Amino acid sequence: MPIYVNMDVMMARRHVGAGELAEKVGITPANLSILKNNKAKAVRFSTLEALCRELDCQPGDLLEYRPEETDR
Amino acid sequence: MPNPTPSRSGRDKSIALSQFSTLCMGIICLIMVGCGPQLVGWALRDYTGSAALALLRGGLLGLGYLCAALAFATLYNLYRFLGRVQSGAVFVPANVTALWRISWCCAGAAFLCTPAGLLLRLPFVFSLGLCAGFMALIVRVIMNAFRQAVEMKDELDLTV
């Protein structure tokens with residue numbers, strides 16, 4: 001999946017722990033871990049909105065597109 | 001107006017009944033295997049005086065044993081499938097595999113019975129082969145639906 005979730009950087013900047021953020025956003029720590037480790041296949045707008053609100057950032061600060069390298 | 005979706009306990013009872021029926025079918029199959037020669041004799045009671053009767057009897061008995069093996073494999077997979085459904089694991093890859101095996105067992109029975117029915121000139125064996133082929137087709141359609149559902153569930157599980 002060429003979409004990467006850069007949550008660690010934002011969480012470090014805002015000095016927020018994973019457990020605290022999961023509680024504030026209203027998702028389980030297991031789901032936050034799925035998101036942080038780029039295992040998620042989809043993110044709900046409601047989750048993205050809550051993350052942006054709690055981390056005081058824009059969706060673009062959390063999501064990054066890195067094109068996949070193809071062997072030719 | 002009655003509720004079309006059964007309650008949890010009703011569903012459990014239905015699955016338990018299906019499992020019980022599967023076990024009963026296994027026992028019936030076992031009895032049929034044990035009484036194979038007698039059953040063949042009963043099925044061929046109208047075929048008298050034919051020189052090829054011994055060959056016909058042997059062929060039908062062998063076919064019956066081969067189909068019994070497929071039936072046991074089908075019932076075993078069905079029983080395991082129902083067990084997983086009862087424990088709440090419905091859309092899992094193991095169920096897709098079970099349906100895949102069941103469909104191949106039915107297809108195997110169709111491949112055996114249809115030509116054998118024609119070759120041995122036994123209409124009921126031929127009909128059985130056609131029914132098995134039809135069943136294989138139905139199970140395959142259900143298997144494909146299950147495969148799609150497993151993929152959708154995987155995606156849903158990873159949606160945050």
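Residues are numbered from 1 along each chain as its sequence is written, and chains are lettered from A and ligands numbered from 1 in the order in which they are written. Because the model is predicted, local features need pLDDT of at least 70 and side-chain atom pairs count only at pLDDT 80 or more, while totals for chains, interfaces and linings use all residues; side-chain values use heavy atoms, with hydrogens and water left out.

**Stop 1: the core of chain A**

Select A:Met7, A:Leu21, A:Leu32, A:Leu35, A:Leu51, A:Leu55 and A:Leu62. Within the largest nonpolar core, which has 21 residues, these touch the most other members. A nonpolar core is a set of buried Ala, Val, Leu, Ile, Met, Phe, Trp, Tyr and Cys residues joined through side-chain atoms within 4.5 Å. Buried means under 20% relative accessible area, exposed over 50%, and partly exposed in between (1.4 Å probe, protein chains only).

Now colour helices H1 (7-13), H2 (18-25), H3 (29-36) and H4 (45-55) of chain A, the elements that each give two or more residues to this core. Helices are DSSP runs (H or I, at least four residues), numbered from the N terminus. H4(A) provides the largest share, 5 residues.

**Stop 2**

Centre on A:Leu51, in helix H4 of chain A. A:Leu51 counts as buried because its relative accessible area is 2%. Leaving out residues up to four places away in sequence, its contacts (heavy atoms within 4.5 Å) include A:Met7, A:Val25, A:Leu35 and A:Leu62.

**Stop 2: a second core**

Select B:Phe81, B:Ile102, B:Val139 and B:Phe146, which are among the 15 residues of a second, separate core.

**Stop 3: a surface patch on chain B**

Show B:Met25, B:Ile28, B:Met32, B:Leu39 and B:Trp42. Together they form a nonpolar patch on the surface with about 500 Å² of accessible area. Helices H1 (8-34) and H2 (36-43) of chain B each give two or more residues to the patch, and H1(B) gives the most, 3 residues. Patch residues have over 30% relative accessible area and no salt bridge, with nonpolar side chains (Val, Leu, Ile, Met, Phe, Trp, Tyr) joined within 5 Å. Areas come from the Shrake-Rupley method with a 1.4 Å probe.

**Stop 4: between the chains**

Finally, display both chains. Buried area is the accessible area (1.4 Å probe) lost when two parts are put together, summed over both. Select A:Lys41, A:Ala42 and A:Arg44, which supply 59% of the area that chain A buries against chain B. There are 0 salt bridges between chain A and chain B, a salt bridge being a side-chain nitrogen of Lys or Arg within 4 Å of a carboxyl oxygen of Asp or Glu.

Key
Patches are made of residues with over 30% relative accessible area and no salt bridge: like charges are joined within 9 Å, nonpolar side chains (Val, Leu, Ile, Met, Phe, Trp, Tyr) within 5 Å.
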